[in-house]
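These are my notebook entries on what I looked up in this structure, written in the order in which I went through it.

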Amino acid sequence: MVSPCLQGDISHCVETTVPQVQLPEDILHQIHALMPLRDAAQAACVSRGFLRSWRCFPNLIISIDSLGIKENETNNDEIKSDFICRVGHIIQNHSGMGVKRLIIQTYPWSNIHPSYIDSWLRDAITPGIKEIEISMLIYGGIKYNFPGSVLSSSEIRSSIQIFLLAECSFHCAAQIGCMSSLKKLNLHSVHITGEELYGFLSNSCALEQLRITNCNDIICLKIPCLLQKLYILDVLGCSKLEMIDSNAPNLSTFFFSGHPIHISLGDALQLRKISFSRYNSPDALYYASIKLPFIAPNLQTLVLSTSDETVNTPKAFGKFIQLKYLEIVIAQPTIRRDSVIKDSSGHSRPQCFQEQCHDNLKNVMITGFCSAKSMMDLTISIIEKTKALECLTLDTTRGHRRFAKIDKCRQMNKEALAEATKALNAIQRYVEGRVPPGVNLKVIEPCSKCVC
């Protein structure tokens with residue numbers, strides 16, 4: 001039988017005969033605050049000092065892991081009831097004061113009734129709270145609407161610095177009011193429109209980081225110029241998004257992954273890093289070469305990736321005056337018909353098409369390096385027009401070795417291994433002899449563990 005303290009119920013705790021350790025109350029509170037939730041609850045059952053501290057325990061991290069609940073599909077309803085009961089005890093036995101961090105994760109249940117969540121939020125979100133993270137699971141279950149009423153107090157809104165919502169609705173966003181201390185906003189699979197989000201952002205002038213992933217109700221994402229402190233913008237996998245229009249003047253990092261859309265970042269002179277991935281777009285790298293120098297003229301780090309197997313590798317890149325690091329990730333078909341190794345189609349030898357020199361570019365990495373002639377042209381252009389180049393990395397495994405665990409590579413099929421062999425042959429034939437003595441050429445090739 002699970003003890004009451006493990007369930008979060010400390011109402012029946014009694015004084016034990018164990019000698020009490022006398023510590024200054026502030027030190028005891030600090031020690032208690034560093035404990036995981038289960039340990040903190042247990043400590044409150046054996047110590048009067050910890051029992052007092054529990055009433056204002058600052059970190060309420062609620063999940064099946066933090067509560068020590070093991071998943072059991074055959075007894076799912078009973079485990080869900082146990083979860084609800086334990087969380088209820090934890091919230092009820094807490095005074096509500098002193099909570100700095102509230103994290104609620106309802107995985108693996110998608111059918112917890114919203115009334116429970118609403119009750120927990122009302123009791124735990126109090127003035128002084130700094131971080132709120134609510135992660136629901138709505139697949140095939142009950143849809144949850146985040147209640148704006150829990151943020152009705154200006155005292156509460158003024159203390160929140162981090163706000164994360166996942167897999168719920170947030171249609172009340174525009175009516176929340178001023179979030180004067182909010183620094184980080186993360187929305188994942190949240191039902192919210194572009195207009196609702198714009199209203200929320202307009203009340204969050206201290207915002208520094210904005211991450212939006214899989215929010216499929218947003219068509220136009222507008223970032224107001226009021227966000228003077230915003231320096232990181234991540235927009236990933238929003239399937240209905242058609243436009244990003246940002247007027248944040250001090251943006252320094254921009255991550256985008258999705259279908260081709262219109263992107264305007266205003267006068268982004270501070271933008272230094274872009275990670276850019278476009279789905280089902282064979283011209284993705286050409287777009288980056290032509291458009292990005294105008295969008296971010298002072299760019300220093302550029303990561304480009306595409307999942308389209310018909311991608312056309314650009315022979316040259318645009319005028320990135322300040323660029324220091326370039327990484328290209330390409331998902332190529334396993335067999336290249338335009339390979340320079342089997343040149344029966346009459347292709348000319350690879351050559352440099354680049355006119356613009358990149359005086360500051362020092363590190364270049366190409367993941368998905370293949371034997372295509374356009375790939376050879378691009379690589380040769382980089383070598384011959386990048387005078388400051390220090391390191392060139394060519395990964396013929398398409399990331400199978402770099403992204404795998406240290407002791408285990410991802411397996412490659414026979415066609416992928418055959419193309420990797422062609423790519424290695426092309427490197428030896430067309431690349432190695434052109435690399436200057438001061439440039440470190442790193443070639444990542446399949447090992448014996450990569451073979452299926």
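This is a predicted model: local features need pLDDT of at least 70, side-chain atom pairs count only at pLDDT 80 or more; totals for chains, interfaces and linings use all residues.

I found Pro 108 in the loop between strand E2 (101-105) and helix H5 (114-124), where helices (H or I, at least four residues) and strands (E, at least two) are DSSP runs numbered from the N terminus. The peptide bond that runs from Tyr 107 to Pro 108 is cis, with omega near 10 degrees. I note for context that most residues other than glycine have a negative phi, and most peptide bonds are trans.

Residues are numbered from 1 along each chain as its sequence is written, and side-chain values use heavy atoms, with hydrogens and water left out.

Glu 167, which I located in the loop between strand E4 (162-166) and strand E5 (184-188), has a phi near 60 degrees, a positive value in a residue other than glycine. Asn 214 also has a positive phi, near 55 degrees, and it lies in the loop between E6 and strand E7 (220-223). I looked up the accessibility of Asn 214 as well, and at 33% it counts as partly exposed, on a scale where buried means under 20% relative accessible area, exposed over 50%, and partly exposed in between (1.4 Å probe, protein chains only).

I counted ten helices and 17 strands in the protein chain, and buried residues make up 49% of its 452 residues. Taking contact as heavy atoms within 4.5 Å, I see that 63% of the contacts between residues at least 6 apart in sequence join residues at least 24 apart. The chain exposes about 21,300 Å², of which carbon and sulfur atoms supply 51%; accessible areas come from the Shrake-Rupley method with a 1.4 Å probe, and for residues only the protein chains shown count as cover.

How many salt bridges does a search of the whole structure find? The search gives five, a salt bridge being a side-chain nitrogen of Lys or Arg within 4 Å of a carboxyl oxygen of Asp or Glu. One of them joins Arg 211 to Asp 234, with the closest N and O atoms 2.8 Å apart. Because Arg 211 lies in strand E6 (residues 209-213) and Asp 234 in strand E8 (residues 232-236), this pair ties together parts that are 23 residues apart in sequence. Arg 211 is partly exposed at 31% relative accessibility, whereas Asp 234, at 7%, is buried.

Another bridge pairs Lys 373 with Asp 377, whose closest N and O atoms are 3.0 Å apart. These two are four residues apart in helix H9 (residues 373-385), so about one helical turn separates them, and both Lys 373 and Asp 377 are buried. Glu 384 forms a further bridge with Arg 434, at 2.8 Å between the closest N and O atoms. That pair links distant parts of the chain, since Glu 384 is in helix H9 and Arg 434 is in the loop between helix H10 (414-431) and strand E17 (440-444), 50 residues apart. I find Glu 384 partly exposed at 32% and Arg 434 partly exposed at 31%.

A nonpolar core is a set of buried Ala, Val, Leu, Ile, Met, Phe, Trp, Tyr and Cys residues joined through side-chain atoms within 4.5 Å. Which residues touch the most other members of the largest one? Of its 110 residues, they are Phe 83, Phe 163 and Phe 170. Helix H4 (residues 76-93) gives the most to this core, with six residues, and the buried residues of H4 include Ile 79, Phe 83, Ile 84, Val 87 and Ile 90. Leaving out residues up to four places away in sequence, I list among the contacts of Phe 163 Ile 132, Phe 146, Leu 151, Phe 170 and Phe 200.

Thr 396 is found in the loop between strand E16 (391-395) and H10, and it is buried, with a relative accessible area of 3%. Its side chain reaches the backbone oxygen of Ile 444 at 2.8 Å. Beyond residues up to four places away in sequence, Thr 396 touches, among others, Phe 369, Met 412, Leu 424, Ile 427 and Pro 446.

Definitions and conventions. A polar contact is a pair of N or O atoms within 3.5 Å; within protein, one must be able to donate a hydrogen and the other to accept it, and residues adjacent in sequence count only if both atoms are side-chain atoms.
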